[in-house]
Amino acid sequence: MKLSSLYKTVVIKNIYEEVAGVKTLVFDDPDSAIPYKAGQYLTFVQRGEPEIRRSYSIASSPVLHEPLAITVKRIDNGIFSRYLIDTAKPGDRLLTTGAGGLF
């Protein structure tokens with residue numbers, strides 16, 4: 001199975017600091033639009049050994065046609081949240097399995 005069929009790529013377009021340790025990441029979605037509904041989440045994948053997967057609630061509104069966004073709080077021992085808060089920058093590409101969950 002091709003990697004491209006398992007994961008979608010999103011590109012960080014903007015990052016906004018809400019308060020210390022909390023940021024909203026707004027994405028461009030170059031592969032194809034990721035359809036989502038209110039209350040869903042995105043699962044991000046960091047490939048490697050071991051593969052790391054973390055899910056974050058979608059913070060944007062599909063009804064208002066807002067760009068896809070998540071808001072992340074830095075967790076001291078959180079591998080992925082520390083990366084998103086401390087290191088990620090506009091232009092970075094992230095892999096996701098797409099939107100999931102039911103509200």
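Which residues does L68 touch, not counting residues up to four places away in sequence?

**View 1. The surroundings of L68.** L68 touches V10, L25, V26, F27, I34, Y36, L42, I58 and S60, leaving aside residues up to four places away in sequence. Here, contact means heavy atoms within 4.5 Å. This is a predicted model, in which local features need pLDDT of at least 70 and side-chain atom pairs count only at pLDDT 80 or more, while totals for chains, interfaces and linings use all residues. Residues are numbered from 1 along each chain as its sequence is written, and side-chain values use heavy atoms, with hydrogens and water left out.

**View 2. The largest nonpolar core.** This core has 18 residues, and F27, F44, L68, I70 and L84 have the most contacts inside it. A nonpolar core is a set of buried Ala, Val, Leu, Ile, Met, Phe, Trp, Tyr and Cys residues joined through side-chain atoms within 4.5 Å; buried means under 20% relative accessible area, exposed over 50%, and partly exposed in between (1.4 Å probe, protein chains only). Two or more residues come from each of β1 (8-19), β2 (22-28), β3 (41-46), β5 (69-73) and α2 (79-86). Helices (H or I, at least four residues) and strands (E, at least two) are DSSP runs, numbered from the N terminus. The top contributor is α2, with three residues.

**View 3. The buried face of α2.** Look for F80, S81, L84 and I85, the buried residues of this helix. Seen down the axis of α2, they fall within an arc of 125 degrees (taken from the directions from the helix axis to the C-beta atoms), so they line one face of the helix. Their cover includes β2, β3, β4 (52-57), β5 and β6 (93-100).
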